[in-house]
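Hi,

Here is the structure I said I would pass on.

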Amino acid sequence: IKPIIERESKLACGKQFFLAHCPERLNPGDNEHAVRITPRVVGGLDAQSGAIVQALYESVVEAKIFRVSDMDTAELVKLVENTQRDLNIAYMNEIALVCEKIGVDVKEVIEACSTKWNFYKAWPGPGVGGHCLPNNPYYILKRAEGAGFRPKLMMLGRQINDSMMHHAVELIEKALSEAGLQVKGTRIALLGISYKANVDDVRQAPSRVIAPELCEKGADLVVSDPHVNEVNAKKVHDKIVPLDEALKAECLVFLQAHDEYKKLDLTKTRAKAVVDLAFLFDEKRVPKNCVYKRVGKGN
């Protein structure tokens with residue numbers, strides 16, 4: 001960007017204009033960590049640029065402004081933060097798969113592990129979405145490969161998280177099979193099609209992989225989400241229904257733990273299978289004789 005600005009503006013960087021970077025730390029749906037009270041990292045192209053951007057942010061942000069040595073470091077901070085979270089989720093996704101195989105409930109494991117002071121609590125699920133987490137590891141990969149090194153761990157994490165969307169479809173198929181049904185011709189409702197709970201964003205949401213797979217298998221699919229508008233919902237699937245209509249489906253699949261779903265009484269529905277990928281329910285809250293599957297729940 002520096003040569004472009006210099007060429008177009010005829011100004012000299014470091015003298016007539018200054019360059020710096022401050023990584024975004026916005027967390028959609030999180031009101032606790034607002035812009036003014038969240039610590040920020042800044043780095044300038046040179047010392048003067050760094051000092052200027054630090055002073056600017058200190059004038060508007062109440063939290064600490066942490067200045068690093070240069071812009072490359074500031075940019076990498078953002079990528080490392082998000083890639084670490086992506087890897088933590090990948091680890092728990094893999095543990096969830098282990099639990100399914102050996103007959104243990106990953107929810108109980110996580111709750112027990114959380115009693116230890118240094119355990120990082122992350123929940124498995126149907127995959128990782130949004131604009132940042134699925135993409136940021138590849139920025140590190142590209143830069144590292146350009147320097148002659150190929151990272152392994154972060155790419156493995158990406159593979160695991162991407163595989164969970166296909167595993168979600170497998171869980172749906174298993175639930176329907178145990179209920180005496182098959183995907184083809186069965187009314188399946190995907191509830192919570194955004195990439196995370198209580199947001200309206202469907203960018204790289206797991207639903208955008210799960211929905212087409214189910215349609216390819218012949219499902220009579222509908223989607224529902226109280227947070228996602230019709231324009232964005234149609235990026236996932238064209239059959240959009242309100243919650244009360246979705247709950248009439250034979251198979252209910254919960255992808256995200258929206259607040260609106262937490263108090264639902266599924267015993268009043270006609271569902272023959274419930275697939276809980278968001279840790280919302282247990283067997284006591286689904287209809288009798290209904291097959292209940294949850295990611296990471298072994299038989």
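Which residue just after H7 takes a positive phi? Gly-218 does, at about 90°.

Before the rest, some ground rules. This is a predicted model, with local features needing pLDDT of at least 70 and side-chain atom pairs counted only at pLDDT 80 or more, while totals for chains, interfaces and linings use all residues. Residues are numbered from 1 along each chain as its sequence is written, and side-chain values use heavy atoms, with hydrogens and water left out. Helices (H or I, at least four residues) and strands (E, at least two) are DSSP runs, numbered from the N terminus.

Axes here are lines fitted to C-alpha atoms, for helices over the stretch in contact, and angles run from 0 to 180 degrees between N-to-C directions. From H5, Pro-137, Tyr-138, Ile-140 and Leu-141 meet Met-154, Met-155 and Arg-158 of H6. By class, that contact has 6 nonpolar, no polar and 1 charged residues (Ala, Val, Leu, Ile, Met, Phe, Trp, Tyr, Cys and Pro count as nonpolar, Asp, Glu, Lys and Arg as charged, the others, Gly among them, as polar).

Now the sheet. Three strands form an open sheet in the order E1-E2-E3, with mixed pairing; two strands pair if DSSP finds at least two bridges between them. Strands E1 (20-21) and E3 (65-67) are the edges, each pairing on one side only. E2 (residues 40-44) and E3 run parallel, joined by 3 bridges, and Arg-40 stands opposite Ile-65 in E3. Helix H2 (residues 47-58) lies across E1, E2 and E3, at about 175° to E3, whereas H3 (residues 71-102) lies across E1 and E2, at about 150° to E2.

Finally, Glu-62 is in the loop between H2 and E3. Glu-62 counts as exposed because its relative accessibility is 59%, and exposed means over 50%. Leaving aside neighbours within four places in sequence, Glu-62 is in contact with Arg-36 and Ile-37.

Cheers

Key. Contact means heavy atoms within 4.5 Å. Buried means under 20% relative accessible area, exposed over 50%, partly exposed in between (1.4 Å probe, protein chains only).
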